[in-house]
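Take a look at the fold below. We will walk through it step by step, from the sheet to its core and then to a few single residues.

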Amino acid sequence: MAAALDEARRCLDWGDVPVGAVVVRGAEILGRAGNERERQQDPTAHAEILALREAARRVGRWRLDGCTIYVTLEPCAMCAGAMVLARLDRLVYGAPDPKAGFAGSLADLVRDKRLNHRLEVEVGPGAAEASELLRTFFGERRSSS
């Protein structure tokens, strides 16, 4: 989770929501990224999607079985769906997202029994630091507008 938090902090350099993601297999980092929606002007440039793309390129296939993704914020519907489609084994996320989270908050896409693949989910590591990064980012946005 420390590497995902590092990626989240980097997002502040280009004014993006500080969310970071890291895909690992064993002790090896296969993909890492922070949000780049503002930087790339791309609505799909979420940290999770970018980290999954890098990991898939690195292993040379789209199936990322045997991998865990660490994310600082509970994934949205798009990212949760991508994790299921990538066949990740496990999701570990820090802060819950009651307004957009699809790994237990609004819905639980990553563990939906109707799908042909489900992820193991762990919640909480890095939650305090991830939440503080987000609170500070949005607090500064509100006070400057």
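Contact means heavy atoms within 4.5 Å. Keep that in mind for leucine 91. Leaving aside its neighbours within four places in sequence, leucine 91 is in contact with Ile69, Val71, Pro75, Met83, Ala103, Val110, Leu119, Glu120, Val121 and Glu122.

A word on the model comes next. This is a predicted model, in which local features need pLDDT of at least 70 and side-chain atom pairs count only at pLDDT 80 or more, while totals for chains, interfaces and linings use all residues. Residues are numbered from 1 along each chain as its sequence is written, and side-chain values use heavy atoms, with hydrogens and water left out.

Now to the sheet. Helices (H or I, at least four residues) and strands (E, at least two) are DSSP runs, numbered from the N terminus. Two strands pair if DSSP finds at least two bridges between them. Here, five strands form an open sheet in the order S2-S1-S3-S4-S5, with mixed pairing. Which strands are at the edges? They are S2 and S5, and each pairs on one side only. From one strand to the next, the twist averages 15°. Axes for such angles are lines fitted to C-alpha atoms, for helices over the stretch in contact, and the angles run from 0 to 180 degrees between N-to-C directions. Helix H3 packs on the sheet and touches S1, S2 and S3. The direction of H3 makes about 145° with that of S2.

Go through the pairs. S1 and S2 run antiparallel and are joined by six bridges. Arginine 25 has glutamate 28 in S2 as its bridge partner. Strand S3 (residues 68-73) runs parallel to S4, with five bridges between them. In this pair, isoleucine 69 stands opposite leucine 91 in S4. S4 also runs parallel to strand S5 (residues 120-123), and four bridges join them. Valine 92 has glutamate 122 in S5 as its bridge partner.

How does the chain get from S3 to S4? Helix H4 (residues 77-85) belongs with both strands, and the three make a right-handed β-α-β unit. To check the hand, point the strands away from you: a crossover is right-handed if the path from the first strand over the helix to the second runs clockwise.

Next, ask what is covered. Buried means under 20% relative accessible area, exposed over 50%, and partly exposed in between (1.4 Å probe, protein chains only). Strand S4 (residues 90-95) is mostly covered, with five of its six residues buried. In H4, the buried residues include Cys79, Ala80, Gly81, Ala82, Met83 and Val84. Helix H3 (47-59), S3 and S4 are among what covers the buried residues of H4.

Now the core. A nonpolar core is a set of buried Ala, Val, Leu, Ile, Met, Phe, Trp, Tyr and Cys residues joined through side-chain atoms within 4.5 Å. The largest one has 45 residues. Leu52, Ile69, Met83, Leu88 and Leu91 have the most contacts inside it. The elements that give two or more residues to this core are helix H1 (2-11), strand S1 (20-25), strand S2 (28-34), H3, S3, H4, S4 and helix H5 (127-144). H3 gives the most, with six residues.

Two loop residues deserve a look. Most residues other than glycine have a negative phi, and most peptide bonds are trans. Glutamine 41 is not a glycine, yet its phi is positive, about 50°. Glutamine 41 is in the loop between helix H2 (37-40) and H3. Arginine 87 also has a positive phi, near 65°, and is in the loop between H4 and S4. Glutamine 41 counts as exposed, because its value is 61%.

Finish in helix H5. Alanine 128 is in this helix and is exposed, with a relative accessible area of 63%. The C-alpha atoms of alanine 128 and serine 144 are separated by 24 Å, and the two residues are 16 residues apart along the chain.

Last come the rings. Rings of Phe, Tyr and Trp (its six-membered ring) pair if their centres lie within 6.5 Å; planes under 30 degrees apart count as stacked, over 60 as edge-to-face and the rest as tilted. The structure holds one aromatic pair. The rings of phenylalanine 137 and phenylalanine 138 have centres 5.0 Å apart and planes at 80°, so the pair is edge-to-face. Phenylalanine 137 counts as buried at 9% relative accessibility, and phenylalanine 138 counts as partly exposed at 35%.
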